[in-house]
Amino acid sequence: MKAASFAYARPGTLEEAFGLLQSADARVLAGGQSLIPSLNMRLASPQLLVDIGGIASLDCIELQGQSIRIGALVTHAQVESAAEVRKHVPMLADAATHIAHPAIRNRGTLDGSLALADPAAEYPACALALDATLIIRGRAGERKVPVASFFKGLFETDLKSGEVLVAAEFPAGGDSVFLELARRQGDYASVGLAAHRRDGALRLAFFGVGDRPILATHAAAEAKTSIGAAQQALAKDLDPPADLYHSGATKLHLARVLLARALAQWNMK
Amino acid sequence: MEHEVDTTLTVNGVEVRRRISARQHLVDFLRDELGLTGSHAGCEHGVCGACTVRVDGEIIRGCLMLAVQASGRRVETIEGLSDSGELAALQRAFHARNALQCGFCTPGMLLAARDLQLKNPQAGREEIRAHLSGNYCRCTGYQAIVDAIEDVLHGKG
């Protein structure tokens, strides 16, 4: 399978990229590990690819105040190995090891995964659990979008045509558990859980259980009572659709299993 | 807007200049334009790993990188790594352990195995399996491949 023909541009600056993205049917190319397969399979056939790979300022992992800022060119492999990530937001480094395989992690990017918004992907759930902020830029300037209003649905986000997700900011600190059930190493998750707690506040973000990552607020509230009560309450948070291999009921069961494992890791009872 | 891009890259130590169609992925460029047919195009959507090559020292999927994205980069293929002797111990072990039948997956397997050898030379069987999880073999059932890599990592190769 070969991609249909398209034009290609590699701008040196974001301003240049915004200009190119004005043309009809242009797409942003960063790591390309989801976009290029969809081109090869002709699920997508844009007229123009704007490769942001040459914009050096987007290749950054920085501690800014109380947050870690991860730029649009940072790969899963960088997330996995960066000392700043391991120290301040270890959940992201843990999640990276579950994503596909080493050769793909060397190219795919964290921000690209957020912008794609695959409901079975790891980072969108991490962003939700960590209460991240998405930094979006376009011709009109920069806007900061809280994660709660970024994911709109299946492969749908708050990103508008002509805009680029230039970075994501993750509050540092707290402690986290990242768990995932998949049929084989590197497969998409059947069910996954990104759990984070900070100052007594617990955030449980499940993935692979809906059209976007889902924050299980009822279960989090009941976690203070008992693991069993939290598992019971999870039915108020999740109503997973079946996938090719699992019924919705099985997925809810698996989500409860992960919930119990996560809470047990924190010695909750 | 350009559908073809003048591109300069280094392939197995040799500088290559070509006008490359933007839609052509790296493994097709290596095979069809340069005649380096050791890297194989299998699934062409990033699942099978037969197209694995090294770019700037890191393994990547040759079908998931456009050839134009390799501009200014250093590409190494099974041909270069085989000629340099870098893979010799792994190749001997694959031979000794019958770690291939048809051989279609073998160049990708060798590159992934070499990557593991460089990054985690003490890897055990489970880590070998995890590192090779993105490389499919439809003949051997993997046992012999893991055996071969284990031999090399643990000095039996």
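Biologist: How many residues of chain B are in contact with chain A, and how many of chain A with chain B?
Modeller: Bear in mind that this is a predicted model, scored at ipTM 0.96 and pTM 0.96. Contact here means C-beta atoms within 7 Å. On that basis the count is 27 residues of chain B against 29 residues of chain A.

Biologist: Which element gives the most to the side of chain B that touches chain A?
Modeller: Two elements of chain B each supply at least two residues there: strand S4 (58-61) and helix H5 (125-131). By class, that side has 11 nonpolar, 10 polar and 6 charged residues. The top contributor, with 4 residues, is S4(B).

Biologist: And what is the mean pLDDT of chain B?
Modeller: Of the residues in chain B, 99% reach 70 or more. The mean for the chain is 96.

Biologist: Let's look at helix H4 of chain B, residues 106-119. What does it span from first C-alpha to last?
Modeller: H4(B) has 14 residues, and at 1.5 Å a residue you'd expect 20 Å. The model comes out close to that, reaching 20 Å.

Biologist: Is H4(B) largely enclosed or largely open?
Modeller: Take a residue as buried when 20 or more other C-beta atoms lie within 10 Å of its own. Among the residues of H4(B) that pass are Met109(B), Leu110(B), Arg114(B) and Asp115(B). In total 11 of the 14 are buried, so the rest of the structure leaves H4(B) largely enclosed.

Biologist: Over to chain A. Which strands stand at the edges of the open sheet of 3 strands?
Modeller: The order is S1-S3-S2, with parallel pairing, and neighbours are turned by 25° against each other on average, direction ignored. An edge strand has a single partner, so one of its sides is left without a neighbour in the sheet. That applies to S1 (7-9) and S2 (26-29) of chain A.

Biologist: Which residue of S3(A) does Val28(A) stand opposite?
Modeller: S2(A) and S3(A), residues 48-51, run parallel and are joined by 4 bridges. Across from Val28(A) you'll find Val50(A).

Biologist: How many residues are in the hairpin link from S6(A) to S7(A)?
Modeller: S6(A), residues 133-138, and S7(A), residues 141-146, run antiparallel with 6 bridges. In that pairing Arg137(A) has Glu142(A) as its bridge partner. The hairpin joins the strands through 2 residues.

Biologist: What stands opposite Arg137(A) in S10(A)?
Modeller: S6(A) is also joined to S10(A), residues 164-171, by 5 bridges, and the two run antiparallel. There, Arg137(A) stands opposite Val164(A).

Notes:
Residues are numbered from 1 along each chain as its sequence is written. Chains are lettered from A and ligands numbered from 1 in the order in which they are written. This is a predicted model: local features need pLDDT of at least 70, side-chain atom pairs count only at pLDDT 80 or more; totals for chains, interfaces and linings use all residues. Two strands pair if DSSP finds at least two bridges between them. Axes are lines fitted to C-alpha atoms, for helices over the stretch in contact, and angles run from 0 to 180 degrees between N-to-C directions. Two residues are in contact if their C-beta atoms, placed from the backbone, lie within 7 Å. Ala, Val, Leu, Ile, Met, Phe, Trp, Tyr, Cys and Pro count as nonpolar, Asp, Glu, Lys and Arg as charged, and the others, Gly among them, as polar. The expected span of a helix is 1.5 Å times one less than its number of residues. A residue is buried if 20 or more other C-beta atoms lie within 10 Å of its own, exposed if 12 or fewer, and partly exposed in between; C-beta atoms are placed from the backbone. pLDDT is the predictor's confidence in each residue, from 0 to 100.
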